[in-house]
Amino acid sequence: MSIWHLAGGRPLRGSVRLQGSKNAVLPVIAASLLCPNETELINCPRLSDVDAAVDILRYLGCAAEQDGDTLHIDTLAPDRCDIPRKLMHRMRSSVIFLGPMLARFGEAQVSVPGGCELGQRPIDLHLKALESLGAEIREEEDSIVCRAGKLRGAEISLTLPSVGATENAMIAACAAEGKSVIYNAAREPEIETLQAYLRALGAEVSGAGSPVICITGFSPRRAAGLRVPPDRIAAATYLACTVCAGGEVRLSDAVSEHLRPVIAAFEKMGCAVSAARDEIHIASHGRPGTPGAVVTRPYPGFPTDAAPLVMAACLRSRGSAVFIENIFESRFRHADEMLRLGADIACRGPLALVTGVETLRGADLASPDLRGGAALVAAALGAEGESRITDAGHIRRGYDRLDENLRALGADIWCE
Ligand code: EPZ
């Protein structure tokens, strides 16, 4: 088990180059299965979720090798179309392999995916979208079997703008005969990255970033490349760590536009945030103010993944903040752990009321999931004394060298 130790109370100073985005690279790795090709992904983060996706590709008979920040993939000769339970359970994004496998092999067998326990997290919208394209789907106890002689273009209306269902539908529709349109599609920046990759593979896709995405054709290419964009949630994490610990930090290779609601929250808290071309600079000293209300919504609304981080930054604020979670039922699992630091948080269902306290004290904490774990790291940086965070393996699923980068900024952090 991975354990992180932190001694709080040291301000952060310096700069960090942001890692590539986990949520952008994972669907791209799955999409590489769509046709026989060699793909090169640069600025690919080193994460255990990327390792999990690579293990799935290798299990299917493909080659994939990460060399530093570059991932080389070769999907010329896969030889199977099932993914065993143990690989599916390592992360939620394993379900995104369903569309490409169906498109490539005409059949796919998987089990329900794993990943962060943020609530029910059904995959009904993924399956409905694939059925609209002509797939026959049989759900047994723990396995899902999909078959399609030939996928046919279709109009797909998502009842909610699910990121994963949009991605699965986009990829599968590339191999469908005729035009497909996805209505009420997710608008996250990761969808635009997937569109860029599918185009590099030879697909005619348009509309990513808007609620309507069209897929009109596909002339497969044998090679494709992509630079993975910076991780907007990692950016929110470093900003929150700076507010919790105090100090001044510059994030390079950042896209501030992707973070508007998060930057607005930190500005409301009285932090000095400036965004230049591909940089974000933050300065925060003493106890911050509060953002008032933080209401999570699909993009371009406030990202649910950043809510635990902004909550950590509110623990020592001068005032109260209300968090309203609209995406996942169990987003606040980290709040109980924050109480051990002496925080004042009252949770009821999708609501959390955080009242700032003067001082936090180091404590033994357990990381409940990826973003909750990162939020505990941020909160512990603002606490007096030492904290110990167990189950920190969750953090490595989505953060590349977070501990090293924080140490370089002056934090007293080490990992067992
Ligand atoms: C993506 O998850 C992200 N993961 C999540 O980030 C992020 O929290 C989420 O989008 C929302 O922004 C990746 O991109 C790998 P959804 P995803 O389908 O695709 C419901 C992180 O920490 N729903 O948009 O799983 C679902 O239950 C992770 O990096 C259905 O009801 O999210 C949820 O309430 C955590 N049926 C809502 O939609 C479905 O078939 C949004 O889920 C699918 C989803």
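Let's start with a pair of facing residues: arginine 348 sits opposite leucine 351, a residue of S20. Keep in mind that what you're looking at is a predicted model. The strands behind this pair are S19 and S20 (residues 351-355), which pair in the antiparallel sense over five bridges.

Where do S19 and S20 belong? They're part of an open sheet of four strands, with the order S17-S18-S20-S19 and mixed pairing. Strand S17 (293-295) and strand S19 (344-348) stand at the edges with a single partner strand each, so one side of each has no neighbour in the sheet. On average, neighbouring strands here are turned by 15 degrees against each other, direction ignored.

## What lies across that sheet

Which helix lies across S17, S18, S19 and S20? That's helix H10 (residues 307-314), and it runs at about 170 degrees to strand S18 (320-324).

A cis peptide bond joins tyrosine 299 to proline 300, with omega at about 10 degrees.

## Around the ligand

There are 21 residues around the ligand, and the nearest of them are Asp124, Ser162, Val163, Asp305 and Ile327. Two of these aspartates come with a distance to go with the name. In aspartate 124, a polar side-chain atom lies 2.7 Å from a nitrogen atom of the ligand. In aspartate 305, a polar side-chain atom lies 2.7 Å from an oxygen atom of the ligand.

What about the backbone? Glycine 164 has a polar backbone atom 2.9 Å from an oxygen atom of the ligand.

## A sheet of three strands

Another open sheet has three strands in the order S6-S8-S7, and its pairing is antiparallel. Which strands stand at its edges? They are strand S6 (107-111) and strand S7 (136-139): each has a single partner strand, so one side of each is left without a neighbour in the sheet. Neighbouring strands are turned by 15 degrees against each other on average, again with direction ignored.

S6 and strand S8 (residues 143-147) run antiparallel and are joined by five bridges. Within this pair, glutamine 109 faces valine 145 of S8. Helix H4 (residues 98-105) packs on the sheet, where it touches S6 and S8, and its direction makes about 155 degrees with that of S6.

Follow the chain on from S6 and you get to the loop between S6 and helix H5 (124-132), which is where arginine 121 is found. This arginine has a positive phi of about 55 degrees, although it isn't a glycine.

## S16 and its partners

Next up is strand S16 (residues 279-284), which runs antiparallel to strand S14 (residues 247-252), with six bridges joining the two. One example of the pairing is arginine 250, whose bridge partner in S16 is histidine 281.

S16 also runs antiparallel to strand S15 (residues 272-275), this time with four bridges. How many residues lie between S15 and S16 in their hairpin? There are three. Alanine 275 has isoleucine 280 as its bridge partner in S16, while serine 274 stands opposite histidine 281.

## Two helices side by side

Finally, have a look at helix H1 (residues 22-31) and helix H2 (residues 48-59). They pack at an angle of about 0 degrees, and their axes are 10 Å apart. That angle makes H1 roughly parallel to H2.

Which residues make the contact? On the H1 side they are Lys22, Val25, Leu26 and Ile29, and on the H2 side Asp49, Val50, Ala53 and Leu57. Sorted by class, this contact of H1 with H2 has six nonpolar and two charged residues, and no polar ones.

Methods. Residues are numbered from 1 along each chain as its sequence is written. This is a predicted model: local features need pLDDT of at least 70, side-chain atom pairs count only at pLDDT 80 or more; totals for chains, interfaces and linings use all residues. Side-chain values use heavy atoms; hydrogens and water are left out. Axes are lines fitted to C-alpha atoms, for helices over the stretch in contact, and angles run from 0 to 180 degrees between N-to-C directions. Angles under 35 degrees count as roughly parallel, over 145 as roughly antiparallel, 65 to 115 as roughly perpendicular and the rest as oblique. Contact means heavy atoms within 4.5 Å. Ala, Val, Leu, Ile, Met, Phe, Trp, Tyr, Cys and Pro count as nonpolar, Asp, Glu, Lys and Arg as charged, and the others, Gly among them, as polar. Two strands pair if DSSP finds at least two bridges between them. A residue is near a molecule or strand if one of its heavy atoms lies within 4 Å of it. A polar contact is a pair of N or O atoms within 3.5 Å; within protein, one must be able to donate a hydrogen and the other to accept it, and residues adjacent in sequence count only if both atoms are side-chain atoms.
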